[in-house]
There are 2 protein chains.
Amino acid sequence: MTKDIKVAIIGVGGVGKAFISQLANFIDRNRSSASVSVVYISRSSAALISKNYQPLSLTAFVPEQLDAAGAPPLSVPDLIQFLKGSGGEAILIDNTSSIDLANQYPDFLNAGIHIATPNKKGFSSEKKLWDDIFAAAGNNGGTGGYVFHEASVGAGLPVISTVKDLVDTGDEITKVEGVFSGTMSFLFNEFAPVGSSDPPRAFSEVVKVAKDAGYTEPDPRDDLNGLDVARKLTILARLSGLDIASPTSFPVQSLIPKPLESASSSQEFMDGLPNFDGDIGKLADDAKREGKVVRFVGSIDVPSKAVKVGLEKFDVSHPIAGLKGSDNIIAFYTKRYGDRALIVQGAGAGAEVTAMGVLSDVIKIIARIK
Amino acid sequence: MTKDIKVAIIGVGGVGKAFISQLANFIDRNRSSASVSVVYISRSSAALISKNYQPLSLTAFVPEQLDAAGAPPLSVPDLIQFLKGSGGEAILIDNTSSIDLANQYPDFLNAGIHIATPNKKGFSSEKKLWDDIFAAAGNNGGTGGYVFHEASVGAGLPVISTVKDLVDTGDEITKVEGVFSGTMSFLFNEFAPVGSSDPPRAFSEVVKVAKDAGYTEPDPRDDLNGLDVARKLTILARLSGLDIASPTSFPVQSLIPKPLESASSSQEFMDGLPNFDGDIGKLADDAKREGKVVRFVGSIDVPSKAVKVGLEKFDVSHPIAGLKGSDNIIAFYTKRYGDRALIVQGAGAGAEVTAMGVLSDVIKIIARIK
């Protein structure tokens, strides 16, 4: 017998909208075998709240409906009470990147509410939050809700699930290495392409093109500071068994030139960036003379507990050098796989593939509670 | 509360032994949260059968214990009755490649017994068996046992689970392409390596080296006939939504020269193979002149329902051309991922990684029934 499952969704940006559309389609396709309904959708300013737990209509949902509805979002304690009041199972979908919400995951889990989220903050911030989340969660046999976060690394790519399968079956991960940021991938695949005979482009010019095309955060410094990659490495290192205090507890190379760290605006930063093209251009030239290219990568060496994020040179025949577009590549070296890595590669960013990662987590939760 | 889970293991060859060792380790590590015990281990000639469902000792298990125990294996009906008699949940591990056992999966599933297996036969033979298995299984909301077969394609690589995640979340797979046989991968990576200036080697010589090193089946024709790859393609095509009648219902190129099909022994085949080195050598030379290499691949084009297995030429810069060792590579093209494939790559054969795929299925079953 299938239990009733109520879903609350917080965040209706790009990923949130794509998720709602995919979930609506999933519910349509699975009417017979599952009883899943959405009873709460919110963003920071407003919420749609179901009356008597009647399913909210997801067809042709647009975020503007939230403002039209006019209700303020529930506080976390009120949301927990609302979801528990249905008497059945409930899943929180956190499609935000809010640390405030992530800080309250243990409360949801302790109340038996499951969580699926692409939000990296809960798993890559202070170690205490990670410990609190997994102490509360039911994933390892406890009584709390299940928490899944596949899309926190590599979007819909099977990255987190692969690490878990390796570790859970008793393999030992020795090294993880790869390109973990779609933006960084695009920047360096354009800036230092393999086998190109074109004259080299200025790094600042590539950043400008990427910014104008929407491939970077609104302020490109949020990509170039390396913190996004550091957060993903923190998650994978913790899953691999390392005790990582925070995403700033290991060396992270920022591509923001020191003098521009204090730029007062994104525009001032972009205007100043060409002054530093010589430095990174020289790195690329040096690499080229060795038959290599520079790439922005992260790596975890488990035996030496060394995690680092930054620029490295790769031989042009290396899989990391040959990436295209904004693809991610993640190579797992383990005891069982030996010298040849298990590799996962593909688009690691984008609303649709991120939403897919969240929905596959929801499907895993449903399989465990039905 | 964790239910008691009884495990029956059939098959104690390379994969079976590795699985027993990994399972013993898993049980040791998870004493607190799971109550998993092995109550039956058999091979075709003999079985170890628990008395009163007491756990069989897995420490330092060697297959010779089965012969020493002297009991004949139970028939399938008797095994089902034995497992159901425990009153708890039960999992059948089929580490054989037997079609006879696969034919009886529906009986196990209908009895509520779960199945985890690397055996391709149940999922790649006549379509009726596939239909019967999934009609009986509980995977899609039914009352039968769960059936998982991750290791039937790519061993421990996340291949089946990735296809399922794509399909279950509503993505549309348009094309699957790759190298699906570790043996074929090794043969062609050696025979036609990228960027080698060495004089080309005879194909028959490469086959002989591979056979002597244990990289092929005892009779290399069992690899060279392409059927192993055809079975894997059948499974992935069915999961992608195509109605494939059998692994011989689409074009499969055999690398066994016609006149050698009737060779009466493996030795006679190997002795005759050098006479045909010219044909495949010419293919490789032609490819080389175009800047390409030949590889033995499988592909599924979903819109045109075209499945095929055989030799194809790839540009030296193509990821399929750049494979090393006996690695598999599987590229999924989907509506959401667009032009850039989701790629999974790594060792797709070997006892340890195959056993890992089976154990990860067991862990998924435990998560669903606890």
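A: Contact here means heavy atoms within 4.5 Å. This is a predicted model, in which local features need pLDDT of at least 70 and side-chain atom pairs count only at pLDDT 80 or more, while totals for chains, interfaces and linings use all residues. Residues are numbered from 1 along each chain as its sequence is written, chains are lettered from A in the order in which they are written, and side-chain values use heavy atoms, with hydrogens and water left out.

Q: OK, how many residues of chain A are in contact with chain B?
A: On chain A there are 41, and they meet 41 residues of chain B.

Q: And how much area do they bury between them?
A: About 3,300 Å², with 54% of it on carbon and sulfur atoms; buried area is the accessible area (1.4 Å probe) that two parts lose on being put together, summed over both. Of the area that chain A buries against chain B, 18% is supplied by A:Arg336, A:Tyr337 and A:Arg340, more than by any other three residues.

Q: How many salt bridges cross the interface?
A: The rule, a side-chain nitrogen of Lys or Arg within 4 Å of a carboxyl oxygen of Asp or Glu, finds 6 between chain A and chain B. B:Arg336 forms one with A:Glu352, where the closest N and O atoms are 3.8 Å apart.

Q: Switching topic, what stands opposite A:Val344?
A: That is B:Val344, in strand S11 of chain B, strands being DSSP runs (E, at least two residues) numbered from the N terminus. S11(A) and S11(B), each covering residues 342-347, run antiparallel and are joined by 3 bridges, and two strands pair if DSSP finds at least two bridges between them.

How values were computed:
Helix = DSSP H or I, 4+ residues; strand = E, 2+ residues; numbered from the N terminus.
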